[in-house]
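I set out to record, entry by entry, what I looked up in one structure.

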Amino acid sequence: MRSSLRAKATAICNEKIAKKGEAVGLSFYAFFANKNDDPELLMEAAEWWIKKHELDHFEKAVKIRDMINSGA
């Protein structure tokens, strides 16, 4: 996953955790606007989430943040 997407995803995870607590879940769609304005980046996130790590549709934001920060 490119560094700009890692930074954006980490920031969104932190924001969701701050607002709703450590039990909050999210999907990779949370990293994007409600329109498909960058399909390559969306597919990169989907591939990281689904193909590389075989994650469920919704995962805990803390788990995703920690995975990203560990370089997964």
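The entries below begin with conventions and then turn to the structure.

**Conventions.** I worked from a predicted model, in which local features need pLDDT of at least 70 and side-chain atom pairs count only at pLDDT 80 or more, while totals for chains, interfaces and linings use all residues. Residues are numbered from 1 along each chain as its sequence is written, and side-chain values use heavy atoms, with hydrogens and water left out.

**Helix H1.** I took helices (H or I, at least four residues) and strands (E, at least two) as DSSP runs, numbered from the N terminus. I checked the length of H1, residues 3-20: its 18 residues should span 26 Å at 1.5 Å a residue, and the end C-alpha atoms are 26 Å apart, which agrees. The expected span is 1.5 Å times one less than the number of residues.

I then asked which residues of H1 are buried. They are Leu-5, Arg-6, Ala-9, Thr-10, Ile-12, Cys-13 and Ile-17. Viewed down the axis of H1, these buried residues fall within an arc of 165°, so they line one face of the helix. The arc is that of the directions from the helix axis to the C-beta atoms. Buried here means under 20% relative accessible area, exposed over 50%, and partly exposed in between (1.4 Å probe, protein chains only).

On the face of H1 turned away from the buried side I found the exposed residues Ser-3, Ala-7, Ala-18 and Lys-19. The cover over the buried residues of H1 includes strand E1 (25-26), helix H2 (39-52) and helix H3 (61-69).

**Backbone angles.** After H1 comes Gly-21, with a positive phi near 95°. I noted a further positive phi, near 50°, at Glu-54, a residue other than glycine. Most residues other than glycine have a negative phi. Glu-54 sits in the loop between H2 and strand E2 (59-60), and at 66% relative accessibility it counts as exposed.

**Nonpolar core.** I looked up the largest nonpolar core, which has 22 residues. Such a core is a set of buried Ala, Val, Leu, Ile, Met, Phe, Trp, Tyr and Cys residues joined through side-chain atoms within 4.5 Å. Those with the most contacts inside it are Leu-26, Phe-28, Phe-31, Phe-32, Trp-48, Trp-49 and Ile-64. H1, H2 and H3 are the elements that give two or more residues to this core, and H2 gives the most, with six residues.

Methods. Contact = heavy atoms within 4.5 Å.
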